[in-house]
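Please look over the sequence and the structure below.

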Amino acid sequence: MRVEETKQSSMSGPKYNTNNPTRVERLLRERELRRSRTTTGTGTDSGTDMETDSPDSVSDNSVRMDWDNNHGSAVEDLNRSHNHNHTNHVNSNNNNNNHAYRGGLREGFLRRPLGMRGMKQRLLVVANRLPVSAVRRGEDVWSLEISAGGLVSALLGVKEVDAKWIGWAGVNVPDEIGQRALTKALAEKRCIPVFLDEEIVHQYYNGYCNNILWPLFHYLGLPQEDRLATTRNFESQFNAYKRANQMFADVVNEHYQEGDVVWCHDYHLMFLPKCLKEHNSQMKVGWFLHTPFPSSEIYRTLPSRSELLRSVLAADLVGFHTYDYARHFVSACTRILGLEGTPEGVEDQGRLTRVAAFPIGIDSDRFKRALELPAVKKHVHELTQRFAGRKVMLGVDRLDMIKGIPQKILAFEKFLEENAQWRDKVVLLQIAVPTRTDVPEYQKLTSQVHEIVGRINGRFGTLTAVPIHHLDRSLDFHALCALYAVTDVALVTSLRDGMNLVSYEFVACQGSKKGVLILSEFAGAAQSLGAGALLVNPWNITEVALSIKYALNMQSDEREKRHRHNYAHVTTHTAQDWAETFVSELNDTVVEAQLRTRQVPPLLPLRKTIDRYLQSKNRLLILGFNTTLTEPVESSGRRGGDQIKEMELKLHPELKGPLSALCNDKQTTVIVLSGSDRSVLDDNFGEFNMWLAAENGMFLRPTDGEWMTTMPEHLNMDWVDSVKHVFEYFTERTPRSHFEHRETSFVWNYKYADVEFGRLQARDMLQHLWTGPISNAAVDVVQGSRSVEVRSVGVTKGAAIDRILGEIVHSKSMVTPIDYVLCVGHFLGKDEDIYTFFEPELPSEPSNPSKSKGSDGSKSSLETKKTSNKSSNSKSNSRSNKAQTGSGSGSDKRVQTAPIPATWQTAPQESVSWREGSSVLDLNGDNYFSCAVGRKRSNARYLLNSSDDVVSFLKDLADVTTFM
């Protein structure tokens, strides 16, 4: 139900026009506008200084860097290829990393309408590396070279945003003169540097990012060698990671202007959204991950798992390449943090972080244009002549463990073994770009690949030809396009890849040849190009070998169909389209969040609440217990929390003094109103001078008296035994679930069970209940976030409060009207009728007692009622009308019901009626304070975020009471 309410409320207000379109309708309209602009040729001018550095005009070195980034597995692979040994200076080799984010971004910038002043919306792109390579030529002289590639091209294609880049320039600049000079030079390229010292780079980039996060996100796990050293270094690396992210945030905050969109990129900056939101909660922040996000079972091994998840959730929009990665992220949030996963994202106390898939693309037009260049045509002719009479197979990868190069070559060997007729008719060209050459694991991989290639060439080669041509270097852009164009079969056998744009680039260059793509199912591109490609499990050498044979023998009509499908996807889902879509979704997400925020109650005005308290003569304080007065339990991110501690409800130790002071004030009546059992309230509040109302107010006692029942007459409890059997059955079937048997209700709680399994079991339980035990029973089923409760109709806190008030007025012989009410609690939606009970200007009609949750929209009337002079007589009449209509209780008198055991004391028959409890109220709107604790979607007037805030407030209230 909560998901439905969120969708309904988020679409209830106007967005971009007066027709109130839905989010999907708006995004579809923007998509059509983008396509119409593309077909009409509008927006070919980037409007920025970067447009002068077009892909065709950059140097060979820059193009090669672009290839290293764009032709690996996208941006995540590129950032890792930077060598720590090169962090103190710039040379042509480490330029590869300056373009880490070029090939990384995928789907979508928002096409935001121009603002009030007709200006473009500013976009701050924050990435670990700037798309610029910088070389120091003198004390205050720098040479800069812009990279050409995925992210640069994507942002240049977004015509209605003004993009600026923030990131590390890849060089250590310790002196102030050099920093000023580099900042000035980069400003001309619309780039803003973040200066990181050597130690931060070593601990943050080479340590935490490349040695911890990157292997974990690619399913390689945490470092296995030297575990003790890893444990010792982990904390210092994580602290450096947080410091580096804060340094990025400081630069963003310095240049941020109201209305800017901040787009954070990749695993290097997972802590950045939190830093930005803490500085300015109104900032529009999006975060996109260019690597895979692992399953929750892998991710939960990370020691800092909870902190990183909560930091990312501070963003308004979180994007991934594929739905699988997004699903894994949501699953990690629900299983590790215990938050609510919805179809739209992750919800935490009413705040929704939208999570979506935005598959990146490439600038396909760039490749198609390149094929028309004379230099590329010359390359194509040379390669065609060189490999005449042989089928060409191609692999383009970084020499990395996740690329599956050994598996690819072994599969090719098996193909040659089993198909002797192909041995002199096919050649495999493997381009393997070296990376992290100083790391022992990569050195070992290089030796392994060379050994396999040498063995195969020695076994199947001749004096004039060898089956495998292996290159340990990159190619320039033109040579690569030519190689793509002459290839018959492309082999992408990644063991785990965020997206892998090599497959896209191959398809873009195959307009004439229409070759076959063999693609690993573990690459993100498999979800986009899976229909036209031959999907394989790269670990299954036999399967890959069979796919090679099938691809080489494929008929031309089938090749045509497969190519047509992939070509249509690659040419329409471009990098520009990806960037526009993401920004569009981010802007729209912020608009919807603002609409939801309007429905969130404001924070409790502490000063006003205390001042009104001091001015009143007869005060009533109604306090919930669980999550309101209880001591919080730190679970340290463990799955399901600490079940034993959390199940044992304990009064917050800091509240004993304040509660004693409030309870001893003769002008104040304190009621603890809870759904808990009577024994729980006895154990925690027996020492105070107050009233206890257990099981949602169905049982009442002063702490110096005996328990009595306030249940309505003729309450039917015949359903109890059959429901109990169902609850016992599901408790046995669901590990770590439990149920509570109360006198008027049953509660089955699966908070500590596996999230997904618990939900399935809850759904199954409800089907059993509705078709069996409660099909004809007068009961309500109340669904909490991780609980199912069955209670008799009329058993709510709101229905009980009038009877409770009547008993208190009678017992205390109260004469002075109650002129101040404070109601604070973390109540289920079903029980929030207690908030509306005291509202001076609510209509007399009661709410439907069978409704399981209050609607967020029902509190709109609360926001407008602020009449200060409400007479006692009108208040009494209002409550009398309410009592006459029943309020779900079914009785006008306090009488004992049949099934109540004789050991319970009941309220005396001469006790006051409901109307007497209401008539003692002389309440105006300014003296009533209803406050929800930790529930941002509530019918209460105000909000306190946690039990710690309740403790602080009650301390202040007790202090002023002491001095009265």
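The charged end of Arg-678 sits over the ring of Phe-699, at 4.6 Å from the ring centre. Here a charge sits over a ring if NZ of Lys or CZ of Arg is within 6 Å of the ring centre and within 35 degrees of the ring normal. Arg-496 does likewise with Tyr-219, where the distance from its charged end to the ring centre is 3.8 Å. The model is a predicted one, in which local features need pLDDT of at least 70 and side-chain atom pairs count only at pLDDT 80 or more, while totals for chains, interfaces and linings use all residues. Residues are numbered from 1 along each chain as its sequence is written, and side-chain values use heavy atoms, with hydrogens and water left out.

Rings can also pair with each other. Rings of Phe, Tyr and Trp (its six-membered ring) pair if their centres lie within 6.5 Å; planes under 30 degrees apart count as stacked, over 60 as edge-to-face and the rest as tilted. By this rule there are 38 aromatic pairs. Why does the pair of Phe-217 and Tyr-299 count as tilted? The ring centres of Phe-217 and Tyr-299 are 6.4 Å apart and the planes are at 45°, so the pair is tilted. This pair links distant parts of the chain, since Phe-217 is in helix α7 (residues 198–217) and Tyr-299 is in helix α10 (residues 296–299), 82 residues apart. Helices (H or I, at least four residues) and strands (E, at least two) are DSSP runs, numbered from the N terminus. Both Phe-217 and Tyr-299 are buried. Buried means under 20% relative accessible area, exposed over 50%, and partly exposed in between, with a 1.4 Å probe and protein chains only. Ring pairs also join Phe-217 and Tyr-299 to Tyr-267, Trp-287, Phe-293, Phe-320 and Phe-329 in a cluster.

The pair of Phe-234 and Phe-238 is stacked, with 6.2 Å from centre to centre and 10° between the planes. Both residues belong to helix α8 (residues 227–255) and are 4 residues apart, about one turn of the helix. An α-helix has 3.6 residues a turn, so residues three or four places apart point the same way. Phe-234 and Phe-238 are both buried.

Next come the strands. Strand β15 (residues 489–492) is covered on both faces: Val-489 and Leu-491 are buried on one side, and Ala-490 and Val-492 are buried on the other. In a regular strand the side chains alternate between the two faces of the sheet. Two strands pair if DSSP finds at least two bridges between them. Strand β12 (residues 391–398) pairs with β15 in the parallel sense over 2 bridges, and Met-393 has Val-489 as its bridge partner in β15. β15 also pairs in the parallel sense with strand β16 (residues 516–520), over 4 bridges; there, the bridge partner of Leu-491 is Ile-518.

Between β15 and α18 is a loop that contains Asn-500. Phi of Asn-500 is near 75°, a positive value in a residue other than glycine. Is Asn-500 buried or exposed? Asn-500 counts as buried because its relative accessibility is 0%. Another positive phi, near 70°, belongs to Thr-627, also a residue other than glycine. Thr-627 lies in the loop between β18 and α24 (643–647) and counts as partly exposed, at 33% relative accessibility.

Which residues of helix α25 (residues 656–663) are buried? They are Pro-658, Leu-659, Leu-662 and Cys-663. These residues cover an arc of only 125° around the axis, so they are on the same side of α25. The arc is that of the directions from the helix axis to the C-beta atoms. The buried residues of α25 pack against several elements, among them α23 (606–615), β19 (668–673) and α33 (947–962).

Ala-411, in helix α15 (residues 405–418), is buried, with a relative accessible area of 0%. Leaving aside neighbours within four places in sequence, Ala-411 is in contact with Ile-541, Val-544, Ala-545 and Ile-548, where contact means heavy atoms within 4.5 Å.

Over the protein, there are 33 helices and 30 strands. Buried residues make up 59% of its 964 residues. Of the contacts with a separation of 6 or more, 77% are between residues 24 or more positions apart.
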